[in-house]
Amino acid sequence: MYAQMVDTGSPSATSLDEREARFQSRIDDGIRVEPQDWMPDRYRKTLIRQISQHAHSEIVGQLPEGNWITRAPSLKRKAILLAKVQDEAGHGLYLYSAAETLGITRDQMVDDLHTGKAKYSSIFNYPTLTWADVGAIGWLVDGSAIMNQIPLCRCSYGPYARAMIRVCKEEAFHMRQGYDIMLALCAGTPEQKAMAQDALNRWWWPSLMMFGPPDGDSVHSAQSQAWKIKLFTNDELRQKMVDQTVPQAEHLGLVVPDPAVKWNAERGHYDYGDIDWEEFYNVVKGNGPCNRERLEVRNKAWTDGEWFRDALVAHADKQAQRLTAQAA
Amino acid sequence: MSTARYEYLLRFGDNALILSQRLGEWCGKGPALEEDMALTNVALDLLGQARLLLSLAAEAAGNGADEDSLAYHRDDRAFRNVLLVEQPNGNYADTLARQFLFDAWSSLALRRLLSSSDAAIAAIAEKAVKEVSYHLRRSSDLMVRLGDGTERSRAMLQTAIDKVWPYSHELFIGDAVDAEMTAAGIGFDPASVHDEWLAYVREVFAEATLKLPAAGGWMPKGGKQGLHSEHLSKLLAEMQVLQRSHPGASW
């Protein structure tokens, strides 16, 4: 889970020195960049930001869905949701590891998250009010994530691309489980169907916002595209998402909460209405319904767990000392 | 089908279900990412065990019940889990102390059930014992690392152990259901696993530099017969809310 909202610094095509030119030409030739390779600082920094934002999104993303683990309506759904949320933690772990290959520690990244310096996908600042929200997150949010992440399996940075392959496989399963929840609700009682519609109403727009600002406002996209760490523009991906999702909503018998949604035969795509970007920027700035709560929960978990982490380190140190003493 | 067998299956199934429910409360809030994943794994294993056991119990009841009707449509007085597993999570030391005492018992209990004359029960035990052996390895290892970690971690873990210890006694107290199951070769006498359990716990505590709580004192019991602490009804209120508020709905 992750939103395309990454600042690439200040790129300038003319400032490329020879090394950068060689670097760029390797990327153009489709050669993967590996941790030991030379890379421009801006590439490194941009990737650290992008991968760590992605990792943070996985970790914070555990919370809205974790909210329903204890209340899942059947044991089968509970088992699936537990496994799904555990997968997200696993994604966080691979991604932190991928980012560490760029020369930053996990502790530093976690600290950046907890102090609010680093961002995570703003979608997780919306609340999960009903069980249908768990379905909607799988269907729409993980659906958007896949759209964004499948191209990243081919991105220029090796560790990131490889992590994405496994992440995408799991996300595809997550999306199916979300849609399956929606199918069951839509085939259920009128109250269940209303629950599903309400969830779609609340998650539709935030899911479209996940792809980031419109291309015209996304000033750093060009550099990221040249570096092949972003392979499609925000609007291209958003359009794919709309095209994929509208027929799925129709199949469920649900109405997408946008009267402007209409098939455009000339474009070969669905048209859709204007996104409220003010809401998006407001949530990114920290003013979404759950921003404070999500960070509080993460901070509390971290602070409460300090004694535990300290103890493991202390024990490992003692063991090492004992081994040294034995050897002496 | 005997009522005792049904009761017996509920006891094992409810232990796994309720402990899994408690562990699920930690999801996303563990002290480290690796812990979060590991504890969720344990919760998932226990949930899987609960589903097998409750499905078998439902079959034994023969009244159209299934795993979900048993999990979601019984009140606390009809639950048969021991008091130990329903105790609130507390801090992470409390959760781990509860887990270790349970794992050490469960691993022995499941080994006994491997030779059950009831093929279905023996088959579930065979699957579950592999999982619980791993859980026990993990929780024993954490007892040692946290007990022999910092002064603070030792103190927190010791406090947690002292607090949860009285609830371990119930694991070893038999009643008429246990007697009938033991006589039928399906189950075992709970008291018969006590010494081995205590020896194991003592060994781990010694390595962990933790003190074994004194014998005797307060020994709450009654969970196996459906007389629970105040905590269970609240846990169930949360767990059962959707099934109860949408009667007859499929999910």
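Across the interface of chain A and chain B in this predicted model, 18 residue pairs are in polar contact, with both residues of each pair at pLDDT 80 or more. The elements that give two or more residues to the side of chain A that touches chain B are the helices H2 (41-66), H3 (75-100), H6 (158-186), H7 (190-209), H11 (291-304) and H12 (306-327) of chain A.

**The interface of chain A and chain B**

- The contact draws 47 residues from chain A and 48 residues from chain B, and the helix that gives the most to the side of chain A that touches chain B is H3(A), with 14 residues.
- Sorted by class, the side of chain A that touches chain B is made up of 26 nonpolar, ten polar and eleven charged residues.
- The size of an interface is often expressed as the accessible area that is lost when the parts come together.
- For chain A and chain B, the area buried between them is about 4,000 Å², and 67% of it is on carbon and sulfur atoms.
- Three salt bridges are found across the interface of chain A and chain B, and a salt bridge also joins B:Asp148 to A:Arg322, with the closest N and O atoms 2.8 Å apart.

**Salt bridges within the chains**

- Side chains of opposite charge can pair when their charged atoms come close to each other.
- Over all chains, a search of the whole structure finds 32 salt bridges.
- One of these salt bridges pairs A:Asp235 with A:Arg238, whose closest N and O atoms are 2.7 Å apart, and both residues lie in helix H9 (residues 234-252) of chain A, three residues apart, or about one turn of the helix.
- Salt bridges that share partners join A:Glu65, A:Lys84, A:Glu88 and A:Asp142 into one network.

**A loop residue, A:Arg154**

- A:Arg154 is placed in the loop between helix H5 (131-149) and H6 of chain A, and this residue counts as exposed, at 51% relative accessibility.
- Leaving aside residues up to four places away in sequence, A:Arg154 touches A:Arg32, A:Leu231 and A:Phe232.
- Although A:Arg154 and A:Gly30 are 124 residues apart in sequence, their C-alpha atoms are 9.0 Å apart in space.

**Aromatic rings**

- A pair of aromatic rings is described by the distance of the centres and by the angle of the planes.
- Over all chains, the structure holds 21 aromatic pairs.
- A:Phe280 and A:Tyr281 have ring centres 5.3 Å apart and planes at 70 degrees, so the pair is edge-to-face; A:Phe280 is buried, with a relative accessible area of 1%, whereas A:Tyr281 is partly exposed, at 31%.
- The rings of B:Tyr167 and B:Trp218 are also edge-to-face, because their centres are 5.5 Å apart and their planes are at 80 degrees.
- B:Tyr167 lies in the loop between helix H7 (151-164) and helix H8 (176-183) of chain B, and B:Trp218 in the loop between helix H9 (194-207) and helix H10 (230-239) of chain B, so the pair ties together parts that are 51 residues apart in sequence.
- Of these two residues, B:Tyr167 is buried, with a relative accessible area of 13%, and B:Trp218 counts as exposed, at 56% relative accessibility.
- In chain A, ring pairs link A:Phe23, A:Trp38, A:Tyr43, A:Tyr157 and A:Trp227 into a cluster.

Technical notes. Residues numbered from 1 in each chain as written. Chains lettered and ligands numbered in written order. Heavy atoms only, no water. Contact = heavy atoms within 4.5 Å. Buried area = accessible area lost by both parts, 1.4 Å probe. Salt bridge = Lys/Arg side-chain N within 4 Å of Asp/Glu carboxyl O. Polar contact = N/O pair within 3.5 Å; in protein donor to acceptor, adjacent residues only side chain to side chain. Helix = DSSP H or I, 4+ residues; strand = E, 2+ residues; numbered from the N terminus. Nonpolar A, V, L, I, M, F, W, Y, C, P; charged D, E, K, R; others polar. Buried < 20%, exposed > 50% of the residue type's maximum accessible area, 1.4 Å probe, protein only. Phe/Tyr/Trp six-rings, centres within 6.5 Å; stacked < 30°, edge-to-face > 60°.
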